[in-house]
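Please look over the sequence and the structure shown below before reading on.

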Amino acid sequence: MKFSGFRVFAEALRGHKGWKPLWRDPAPQSEYDVIIVGGGGHGLATAFYLAEVHGIRKVAVLEKGWLGSGNIGRNTTIIRSNYLLPGNQPFYEFSMKLWEGLEQAINFNAMVSQRGILNLYHSDGQRDAYRRRGNAMHLTGAGAELLDQDAVRRMYPWLNFENARFPIKGGLLQRRAGTARHDGVAWGYARAADLRGVDIIQNCEVTGFRIENGRVQGVDTNRGFIGAKKVGVAVAGSSSRVMAQAGLRLPIESHVLQAFVTEGLKPAIDGVITFGAGHFYVSQSDKGGLV
């Protein structure tokens with residue numbers, strides 16, 4: 001089933017009775033070439049690209065809950081490549097290019113909207129740091145614009161520039177950045193991976209790893225043992241706990257992150273502004289007020 005404007009129109013005429021589930025609900029096979037633990041954005045994307053790019057189709061994604069029940073369904077939705085360090089910036093710019101072609105690649109509306117992101121600076125020191133970051137972005141072709149106060153004011157005249165606790169002096173703008181609906185990303189990747197033969201198995205929690213002579217043989221789950229030649233783990237904040245089942249102690253800690261994020265209303269909202277660690281999606285109405 002291929003999504004298109006014509007398909008939506010045709011289904012509307014016949015009462016939307018022709019839509020089918022986005023992916024199958026298969027029983028686990030006894031063995032796979034690759035098992036991916038975690039049915040979030042990273043796990044599903046890994047399965048899709050293994051099948052699409054590398055031709056590995058005997059893949060299973062094991063999710064202990066339902067798709068979209070983890071971080072993928074409640075993160076901050078910002079997509080960007082406005083980083084500084086050489087280990088980060090090229091990586092995120094490659095990711096940004098994947099975002100730009102994602103919806104065509106998976107034939108699914110993930111509400112990718114390149115409305116831009118503006119990081120505000122409040123001191124001369126922050127301005128100089130953003131100048132360095134902007135130069136790093138230019139080196140990878142990401143694009144960046146260092147704006148002074150007047151340029152920011154022209155974009156968002158309703159902001160409090162002088163009398164705020166931290167007066168706004170300017171900002172760093174990346175026009176290609178934006179937002180996506182991340183549960184839609186999960187559904188789109190799941191559908192695309194399923195169409196390429198990947199088994200997506202929900203309500204299947206990994207309870208242990210079977211390892212012999214240093215090589216993984218598969219995983220124990222609440223639905224029985226599933227064999228695999230390779231096992232990947234993409235479980236976000238549960239990484240340390242899951243990998244401990246394989247006898248590995250990861251040198252990382254998981255910390256709770258909370259963010260205040262408005263609902264992404266496309267296309268009414270035309271920008272993302274960051275104040276410190278907070279992200280606000282904003283738009284101007286025709287009368288110059290905040291929507």
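The sections that follow describe a sheet, its strand pairs, the salt bridges, a surface patch and some single residues of this predicted model.

## The six-stranded sheet

An open sheet is built from 6 strands, and reading across it gives the order S8-S2-S1-S11-S10-S9, with pairing that is mixed. At the edges stand strand S8, which covers 199–201, and strand S9, which covers 206–212; each has a single partner strand, so one side of each is left without a neighbour in the sheet. Neighbouring strands of this sheet are turned against each other by 40° on average, if direction is ignored.

## Two pairings within the sheet

Strand S1, made of residues 31–37, runs beside strand S2, made of residues 59–62, and the two pair in the parallel sense over 4 bridges. Within this part of the sheet, Ile36 is placed opposite Val61, a residue of S2.

A pairing in the antiparallel sense joins S9 to strand S10, which spans residues 215–221, and this pairing extends over 6 bridges. Val206 has Thr221 in S10 as its bridge partner. Together S9 and S10 make a hairpin that leaves 2 residues between them, and in its turn Asn213 has a positive phi of about 55°.

## Salt bridges on the sheet strands

How many salt bridges does the structure hold? The count is 16 salt bridges. One of these joins the side chains of Lys229 and Asp33, with an N to O distance of 3.7 Å. Since Lys229 belongs to strand S11, which covers residues 224–233, while Asp33 belongs to strand S1, the pair ties together parts that are 196 residues apart in sequence. Lys229 is exposed, its relative accessible area being 53%, whereas Asp33 counts as partly exposed at 29% relative accessibility.

A further salt bridge is formed by the side chains of Asp220 and Arg210, which meet at 2.9 Å, N to O. Here Asp220 lies in strand S10 and Arg210 in strand S9, and the two residues are 10 residues apart. Arg210 has a relative accessible area of 38% and is therefore partly exposed.

## Salt bridges elsewhere

The side chains of Arg176 and Glu100 also meet in a salt bridge, for which the N to O distance is 2.9 Å. This pair links distant parts of the chain, because Arg176 sits in the loop between S6 and strand S7 (178–179) and Glu100 sits in helix H3 (residues 89–106), with 76 residues as their separation. For Glu100 the relative accessible area is 37%, so this residue is partly exposed.

Salt bridges can also be joined into a network, and one such network links Asp124, Arg127, Asp128, Arg131 and Lys169.

## A nonpolar patch on the surface

Which residues form a nonpolar patch on the surface? The patch is formed by Met1, Val8 and Trp19, which together have about 240 Å² of accessible area. Val8 has its place in helix H1, made of residues 5–13, and with a relative accessible area of 44% Val8 is partly exposed.

Met1 is placed in the segment before H1, and at 35% relative accessibility Met1 likewise counts as partly exposed. In sequence Met1 and Gly18 are 17 residues apart, and in space they are 10.0 Å apart, taken from C-alpha to C-alpha.

## A buried glutamine and a loop threonine

Is Gln174 buried or exposed? Gln174, which is found in strand S6 (residues 170–174), has a relative accessible area of 1%; because buried means under 20%, this residue counts as buried. A polar atom of the Gln174 side chain lies 3.4 Å from the backbone oxygen of Ala142.

Thr140 is found in the loop between helix H4, which covers 124–139, and strand S5, which covers 145–148. With a relative accessible area of 23%, Thr140 is partly exposed. Thr140 and Phe94 are 46 residues apart in sequence, and their C-alpha to C-alpha distance in space is 9.1 Å.

Methods. Residues numbered from 1 in each chain as written. Predicted model: local features only at pLDDT ≥ 70, side-chain atom pairs only at ≥ 80, totals over all residues. Heavy atoms only, no water. Pairing = 2+ DSSP bridges. Axes fitted to C-alpha atoms, helices over the stretch in contact; angles between N-to-C directions. Patch = residues over 30% accessible without salt bridge, like charges linked within 9 Å, V, L, I, M, F, W, Y side chains within 5 Å. Areas by Shrake-Rupley, 256 points an atom, 1.4 Å probe, with all protein chains shown as cover. Salt bridge = Lys/Arg side-chain N within 4 Å of Asp/Glu carboxyl O. Buried < 20%, exposed > 50% of the residue type's maximum accessible area, 1.4 Å probe, protein only. Polar contact = N/O pair within 3.5 Å; in protein donor to acceptor, adjacent residues only side chain to side chain.
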